[in-house]
Amino acid sequence: MSNKFAAVTGASRGIGRAIALRYAKEGYNVAFCCRHESPEFNEVKQKIAACGVRQIAYVGDMGNAADADGFFRQIRQEFGALDILVNNAGISKIGLLQDIRPEEWNQIISCNLNSVFYCSQHAIRLMLPVKSGKILSISSVWGCVGASTEVAYSTTKGGVNAFTKALAKELAPSGIQVNAIACGLIDTEMNAFLSPEEKMKLSEEIPAGRPGTPEEVAELAWQINQKNDYLTGQVIIFDGGWI
């Protein structure tokens, strides 16, 4: 039985799903979560089970302190350790700032930023005693440069980037690395609102000529967390040369 443990938030689809499956295929026991039970969530459970590793499948909102506590309580009880945390849970909101309602602002702050705080805090408590571990957050290029009509989303991802740099300095003496991947256009359900014409126009702006795939992000999320113990405090832009 494997003695390696990873946790991935927001893992029922898209980037989180690809990362959870990538780690399971490499022999990691995987704890993963999403906000709602769904056919996609059950499919991930089946695919991880097929890898022959242990799993924790948790339904809860990681932007809610009680749900995050419940998720990590199970991790402590069933795994007893955590080598890697991938903070992936996130939502987007398109619209003019003047039109965003307070509840929408609070929801995106909670899901995209508070979840990183709650889950990282819990992970640190498991990693500090062994002076080892890696925390990786999935961010966005809009957290680096900002995006019109995505002020709330850009704000949260900018917060994730600053969180990453600061926490890395705090935890480096304890042997824990903290990094982030700032994704560009990735072909996921989050971008399903784009029409084929809009996707084509965006792809023409990207020097690589296409969106990235969730599997490519998952591969980078795997590589960053293998060895590389001197790599910390970095926000790695993964956008095909777009920004």
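Modeller: In this predicted model, helices α3 and α4 cross with a right-handed sense. The axis of α3, which covers residues 65–78, comes within 9 Å of the axis of α4, residues 102–127, and the two cross at roughly 25°. Since an angle under 35 degrees counts as roughly parallel, α3 is therefore described as roughly parallel to α4. On the α3 side the contact involves Ala 65, Ala 68, Asp 69, Phe 72, Ile 75 and Arg 76, and these meet Tyr 118, Cys 119, His 122, Ala 123 and Leu 126 of α4. Sorted by class, the residues of this contact comprise 8 nonpolar, 1 polar and 2 charged.

From α1 the contact draws on Gly 14, Ile 15, Ala 18, Ile 19, Arg 22 and Tyr 23, while α8 contributes Pro 214, Glu 215, Val 217, Ala 218, Glu 219, Ala 221 and Trp 222. Of the residues in the contact between α1 and α8, 9 are nonpolar, 1 is polar and 3 are charged.

As for the rest of the fold, the protein contains 8 helices and 7 strands. The 7 strands form an open sheet with parallel pairing, in the order β3-β2-β1-β4-β5-β6-β7. Strands β3 (55–59) and β7 (235–238) stand at the edges with a single partner strand each, so one side of each has no neighbour in the sheet. On average, and with direction ignored, neighbouring strands are turned by 15° against each other. Within this sheet, β1 (residues 5–8) pairs with β2 (residues 29–34) in the parallel sense over 4 bridges, and Phe 5 has Asn 29 of β2 as its bridge partner. Helix α6 (residues 151–171), for its part, lies across β5, β6 and β7 and runs at about 160° to β5.

Taken along its principal axes, the C-alpha trace of the protein spans about 50 × 40 × 35 Å.

Definitions and conventions
Residues numbered from 1 in each chain as written. Predicted model: local features only at pLDDT ≥ 70, side-chain atom pairs only at ≥ 80, totals over all residues. Heavy atoms only, no water. Contact = heavy atoms within 4.5 Å. Nonpolar A, V, L, I, M, F, W, Y, C, P; charged D, E, K, R; others polar. Pairing = 2+ DSSP bridges. Axes fitted to C-alpha atoms, helices over the stretch in contact; angles between N-to-C directions. Parallel < 35°, antiparallel > 145°, perpendicular 65-115°, else oblique. Left-handed = near helix turned anticlockwise from the far one by under 90°.
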